[in-house]
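Student: I have a model open and want to learn how to read it. Can we go feature by feature?

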Amino acid sequence: RDSHRGRHVLVTGAARGIGRAIAEGFVRRGATVGLLDLRGEDVAAAQAELEGIGSGHVRGLVCDVSDYAALADALVRAEADAGAPFDTIVNNAGISPKHDGAAHRVWEMDPEEWRHVVDVNLTGHFNTIRVLTPAMREAGRGWIVNTASVAGKTYSPIVACHYAATKSAIIGFTKHLAAELGPWNIRVNALAPGRIATPMVAGVAAEINDAQVALTPMGRLGEPPEVADTALWLTSSEASFVTGQTIDVAGGYMMT
Ligand code: NAD
């Protein structure tokens, strides 16, 4: 129950969906959790819901993960407030424009939109890791969970090429970081969710989600707490020799 007591955890994109469930899991297991998301009122609402749950503590951080200077400032202030550096990062913030199954192909892609998706989904991961790994190395311990997708492992007709490219990049980035940071006892892994019932997919036409369920051997969408449990395991002592891995949480969807 208190497997993460004493940890200082950053969860990005924590106001809703998978990030919100991951943050809740850490709070229930006794951690101090920084809930980072874009909009102040969403962060305040998530913070109010999670305060008083379990034995952990929560602190809201309003920031865009793609803005390095603002992020570094927010994280330094959060560490000063908590009196401890972050030792655990869950990079979850991500966006998927054009997630509607229509044919948004590369020859139609707006270069600005491409850049924005790379900035949030890939550079956003780099930014938190760049800010927080110096202290992790000094401490000689750390836990990092990144967020890829099954769409980063294999072709998925319902996402656009920018999303697929960033999620594939996260898988390679995760392996590379595991090798760089392993000597300092910092483990780096990634999640590859399949279709999970969150606001990101709620906006999509029902027939698209039905088609995804039809491709899922377990015959249903996943629930955010099922992804959260995998993040909790990866950052626990039970996964003490697991690093550089990308774990599908997908009910058997497109096993690759
Ligand atoms: P969601 O859209 O429901 O929630 C994402 C959260 O991230 C939102 O609260 C949003 O405000 C925040 N966010 C977006 N851009 C941000 C930024 N620049 N800075 C800070 N916060 C930002 O999404 P979700 O379905 O919970 O997905 C979470 C992660 O899981 C994403 O990386 C997504 O790509 C990945 N994923 C989701 C699914 C799925 O089926 N839901 C499948 C595979 C992978």
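Student: Where is Gln212 found?

Tutor: Gln212 is in helix H7, residues 206–214. Keep in mind that this is a predicted model.

Student: Is Gln212 buried or exposed?

Tutor: Count neighbours. The cut-off for buried is 20 or more other C-beta atoms within 10 Å. Gln212 has 21, so it is buried. Gln212 and Arg195 are 17 residues apart in sequence, yet their C-alpha atoms are 6.9 Å apart.

Student: How does Val249 come out by that count?

Tutor: Val249 sits in strand E7. It has 19 other C-beta atoms within 10 Å, so it is partly exposed. The cut-off for buried is 20.

Student: Which residues does Val249 touch?

Tutor: Leaving out residues up to four places away in sequence, Val249 touches Leu191, Ala192, Pro193, Gly194, Gly222, Glu226, Val227 and Thr230. Ile196 is 53 residues from Val249 along the chain, and their C-alpha atoms are separated by 9.0 Å.

Student: Which residues of H5 are buried?

Tutor: Start with the general idea. An α-helix has 3.6 residues a turn, so residues three or four places apart point the same way. Now the case here. His162, Tyr163, Thr166, Lys167, Ile170, Phe173, Thr174, Leu177 and Leu181 are buried in H5. Viewed down the axis of H5, these buried residues fall within an arc of 125°, so they line one face of the helix. On the other side of H5, His176 and Ala179 are exposed.

Student: What covers the buried residues of H5?

Tutor: The cover includes H4, strand E5 (142–147), strand E6 (186–193) and strand E7 (246–249).

Student: What is the phi of Asn185?

Tutor: General idea: most residues other than glycine have a negative phi. Asn185 has a positive phi, near 65°. It lies in the loop between H5 and E6. Asn185 counts as partly exposed because it has 15 C-beta neighbours inside 10 Å.

Student: Let me try H3. Which of its residues are buried?

Tutor: Leu71, Ala74, Leu75 and Ala78 are the buried residues of H3. Down the axis of H3, they fall within an arc of 95°, so they line one face. The exposed residues Ala69, Arg77 and Ala80 are on the face turned away from that buried side. The buried residues of H3 pack against E2, E3 and H4.

Student: And how far does H3 reach?

Tutor: H3 has 15 residues, 68–82, and reaches 21 Å from its first C-alpha to its last. That is close to the 21 Å expected at 1.5 Å a residue. Gly83 follows H3 and has a positive phi, near 75°.

Student: Which residues of H2 are buried?

Tutor: In H2, residues 40–50, Val43, Ala46 and Leu50 are buried. Seen down the axis of H2, they fall within an arc of 65°, so they line one face. Gly40, Glu41 and Ala48 are exposed, on the face turned away from the buried side of H2. The buried residues of H2 pack against H1, strand E2 (32–37) and strand E3 (57–62). Just after H2, Gly52 takes a positive phi of about 85°.

Student: How many residues are in the largest nonpolar core?

Tutor: The largest nonpolar core has 64 residues. Val11, Ile22, Ala23, Val33, Leu35 and Ala231 touch the most other members. H4 gives the most to this core, 7 residues. Take Ala23 as an example. Beyond residues up to four places away in sequence, Ala23 touches Val11, Ala14, Val33, Leu35 and Leu50.

Student: Last one. How many residues surround the ligand?

Tutor: The ligand is surrounded by 28 residues. Gly13, Gly17, Gly94, Thr198 and Met200 are the closest. Sort the shell by class: 12 nonpolar, 12 polar and 4 charged residues. Then sort by element. Helices H1 (17–28), H4 (111–139) and H6 (199–202) each supply at least two residues of the shell.

Methods: Residues are numbered from 1 along each chain as its sequence is written. This is a predicted model: local features need pLDDT of at least 70, side-chain atom pairs count only at pLDDT 80 or more; totals for chains, interfaces and linings use all residues. A residue is near a molecule or strand if its C-beta atom, placed from the backbone, lies within 6 Å of it. Helices (H or I, at least four residues) and strands (E, at least two) are DSSP runs, numbered from the N terminus. Ala, Val, Leu, Ile, Met, Phe, Trp, Tyr, Cys and Pro count as nonpolar, Asp, Glu, Lys and Arg as charged, and the others, Gly among them, as polar. A residue is buried if 20 or more other C-beta atoms lie within 10 Å of its own, exposed if 12 or fewer, and partly exposed in between; C-beta atoms are placed from the backbone. The arc is that of the directions from the helix axis to the C-beta atoms. Two residues are in contact if their C-beta atoms, placed from the backbone, lie within 7 Å. A nonpolar core is a set of buried Ala, Val, Leu, Ile, Met, Phe, Trp, Tyr and Cys residues joined through C-beta atoms within 7 Å. The expected span of a helix is 1.5 Å times one less than its number of residues.
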